[in-house]
Amino acid sequence: MSLLLNMEDFKIVSEELKKRAEVEESKGNKTLRKRLNYTANIYIALDDKGVKPADLNDQLKELRTLLDRPLLKPSEVTRYYTKLLSAVQKQFGYVPEKYHQNQWMAIGMAAFGMPFGILFGFALDNMAFLGIGLPIGMPIGMAIGMQKDKQAKEQGLQLQISCDF
């Protein structure tokens, strides 16, 4: 991990992550390979946006510690990149593709779907219809999220990364 100690840009970080991903694949750990490659793609996208490594020094220190572990678990990498994306969103406003769509899908089910379900349940005098509101709220939330994703892309705040697992 000596390359991570003397990094000049995120390309070095992503190369090191991809090397570790290849090592893990040779061990038969495809899940860990996917998670490491996704993390590498985050750093490539951040480099494309012009983010400087010094701005994410704490996250890079945590990555160094994580990669120095001999037995790395996919859940640890997932936890790391979730924290990384959260920090990037708070600090720079960047979000991954379909971020808002996924967030608003759940919000739509809770905020729109449940009230519709309750309304149907009371109107039909049968609370078994409570669940019918969820498929109504889901597309409403997804539509709102897609609009917000479109705005983020137009404003240049969308990272060109997508999760394929």
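1. Gly28 follows helix α2, and its phi is positive, near 90°. Helices here are DSSP runs of H or I with at least four residues, strands are runs of E with at least two, and both are numbered from the N terminus.

2. Some ground rules. This is a predicted model, where local features need pLDDT of at least 70 and side-chain atom pairs count only at pLDDT 80 or more, while totals for chains, interfaces and linings use all residues. Residues are numbered from 1 along each chain as its sequence is written, and side-chain values use heavy atoms, with hydrogens and water left out.

3. Back to α2, residues 10-26.

4. At the start of α2, Asp9 places a side-chain oxygen within 3.1 Å of the backbone nitrogen of Lys11.

5. Which residues of α2 are buried? They are Phe10, Ile12, Val13, Ser14, Glu16, Leu17, Arg20, Ala21 and Glu24. Buried means under 20% relative accessible area, exposed over 50%, and partly exposed in between, with a 1.4 Å probe and protein chains only. An α-helix has 3.6 residues a turn, so residues three or four places apart point the same way.

6. The largest nonpolar core has 28 residues. Phe10, Leu17, Leu36, Ile42, Tyr43, Leu46 and Leu159 touch the most other members. At least two residues each come from α2, α3 (30-48), α4 (57-67) and α5. The biggest giver is α3, with 8 residues. Such a core is a set of buried Ala, Val, Leu, Ile, Met, Phe, Trp, Tyr and Cys residues joined through side-chain atoms within 4.5 Å.

7. Most residues other than glycine have a negative phi. Where do they sit? Lys98 is in the loop between β1 (95-96) and α6. Asp125 is in the loop between α6 and α7 (134-154). Lys98 counts as exposed because its relative accessibility is 51%. Asp125 counts as exposed too, at 72%.

8. Which element gives the largest share of the lining of the largest pocket? That is α5, with 5 residues. The lining divides into 7 nonpolar, 6 polar and 2 charged residues. Here Ala, Val, Leu, Ile, Met, Phe, Trp, Tyr, Cys and Pro count as nonpolar, Asp, Glu, Lys and Arg as charged, and the others, Gly among them, as polar.

Methods
A polar contact is a pair of N or O atoms within 3.5 Å; within protein, one must be able to donate a hydrogen and the other to accept it, and residues adjacent in sequence count only if both atoms are side-chain atoms.
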